[in-house]
Every structure is written in C-alpha cells, then in structure tokens.
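Reader: I would like to work through this model one feature at a time. Please give the general idea where one is needed, then the case at hand.

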Amino acid sequence: MSSVLAIDPGTSQSAFCYFNPKANPPSLSAGILPNDEMIELIRRFSGVELAIERVASYGLPVGVEVFQTVHWSGRFQQAHLGITRLIFRRDVKLHICKSPKANDASIRQRLIDLYGAPGTKKSPGLLYGMKADMWQAFALAVTAIENPELGKQSGDQSQALS
C-alpha cells in the first residue's frame, strides 16, 4: 500500500490524515472536520485504503460519548467503498513508540523524530500545521502503511457493505 486515509473518530468531529510517503515529495494532508463532512471526504477517497482507529473495551463502564464514536466509526466504514482497516490505538502506540504506555506527547515527539520538525510559515516542514487529533490520525496512517495486514477484517467487509 502506498497511501492511506486515516481517521481518528470523535463524537461530532473527527481528525483525518491522508498520507502517501512514496510520492516525491511525500504527500500529507490533515485536518479536523464535522463528522457529516468526513463522510463526504471518505467517499471522495474510495480508491484509497481507509484506516479507522478502533474503539477498545477494557471492561470499564463507558459513557454516551464512546457509543457516539463507535456509531460514527461504523458510518465511516459504511461510506467507504474500498478496503477499510480497524486498528486499535494500542497497536499504534506499540508501533510508533514501542510501548503500550505511550501518550499523545510521546507519539507526537516520535513522529517529529521520524519525519522532521513542523517548521514555520516561512519554512514549512512536512508536518507543518499538524495540531490536536491530527497527530493521532497521522500516527494511525504511519502504522497502517508500515503494517499492511494490521486491522484487516476476516472476510471482505468492503464487498458486503457496497
């Protein structure tokens, strides 16, 4: 796989990152959109593999926000006509930082170590403009590209939904 659209889903808005490291120069686009607009973006990227951060249950009670996020994750998967992979955040932490105890700050720092500083407006780097949950979407994209079998569903889910 040479490119991926990765989504860090949320209750009402979600972060996305389109990443193609094989382009010359590497292509990266990231942002945060309301979930209804995210569905439209996903439809425009039907030819690109989609990676969605999968919600994990650790046996603790959860609130309505978790169920809203799961609801949107399902809608995103349904909107995509190509291959969709669901990847746990723990797998992203292990891949990027080699530790399940990694936090957002350590993931961000590791991505900067790997891909360079964001830079400035006058001299932007590849990661220029990244903020908030876009970092998590980028980490998900990197993990998906570098682990092509991670998060693939048994059976071809994409065919069943189209």
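Reader: Is the crossing of α3 and α4 left-handed or right-handed?

Author: This is a predicted model. For α3 and α4, the crossing is left-handed.

Reader: At what angle do α3 and α4 pack?

Author: The angle is about 45°, and the axes lie 10 Å apart.

Reader: Which residues in α3 and α4 meet?

Author: From α3 come R89, K93, I96 and C97, and from α4 come D104, S106, I107, R110 and L111. By class, the residues of this contact of α3 with α4 are four nonpolar, one polar and four charged.

Reader: How do the axes of α3 and α5 cross?

Author: They cross at roughly 75° and come within 9 Å. Angles of 65 to 115 degrees count as roughly perpendicular, and α3 and α5 are therefore roughly perpendicular to each other.

Reader: Which residues of α3 and α5 meet?

Author: On the α3 side they are R89, D91, V92, H95 and I96; on the α5 side they are Q136, A139, L140, V142, T143 and E146. The contact of α3 with α5 divides into five nonpolar, three polar and three charged residues.

Reader: Which residues of α3 are buried?

Author: A residue counts as buried at under 20% relative accessible area. In α3 the buried residues are V92, K93, H95 and I96. Their cover includes β5 (84–88), α4 and α5. After α3 comes K98, with a positive phi near 60°.

Reader: Which residues touch the most other members of the largest nonpolar core?

Author: A nonpolar core is read as a set of buried residues joined through side-chain atoms. The largest one here has 26 residues, and F19, L111 and F138 touch the most other members. Two or more residues each come from β1 (4–8), β2 (13–20), α3 (89–97), α4 (104–115) and α5 (134–146). The biggest share is that of α5, with ten residues.

Reader: What does F19 touch, beyond residues up to four places away in sequence?

Author: F19 touches S2, S3, V4, P26, S27, L28, Y115, L126, F138, A141, V142 and I145. There is also a second, separate core of 16 residues, which includes L5, F16, Y18 and M38.

Reader: Where is N35 found, and is N35 buried or exposed?

Author: N35 is found in helix α1, residues 35–44. With a relative accessible area of 1%, N35 is buried. Apart from neighbours within four places in sequence, N35 is in contact with G10, T11, S12, Q13, S14, W72 and F76.

Reader: How many Å apart in space are N35 and A105?

Author: From C-alpha to C-alpha, N35 and A105 are 25 Å apart, and they are 70 residues apart in sequence.

Conventions: Residues numbered from 1 in each chain as written. Predicted model: local features only at pLDDT ≥ 70, side-chain atom pairs only at ≥ 80, totals over all residues. Heavy atoms only, no water. Core = buried A, V, L, I, M, F, W, Y, C linked by side-chain atoms within 4.5 Å. Buried < 20%, exposed > 50% of the residue type's maximum accessible area, 1.4 Å probe, protein only. Helix = DSSP H or I, 4+ residues; strand = E, 2+ residues; numbered from the N terminus. Contact = heavy atoms within 4.5 Å. Axes fitted to C-alpha atoms, helices over the stretch in contact; angles between N-to-C directions. Left-handed = near helix turned anticlockwise from the far one by under 90°. Nonpolar A, V, L, I, M, F, W, Y, C, P; charged D, E, K, R; others polar. Parallel < 35°, antiparallel > 145°, perpendicular 65-115°, else oblique.
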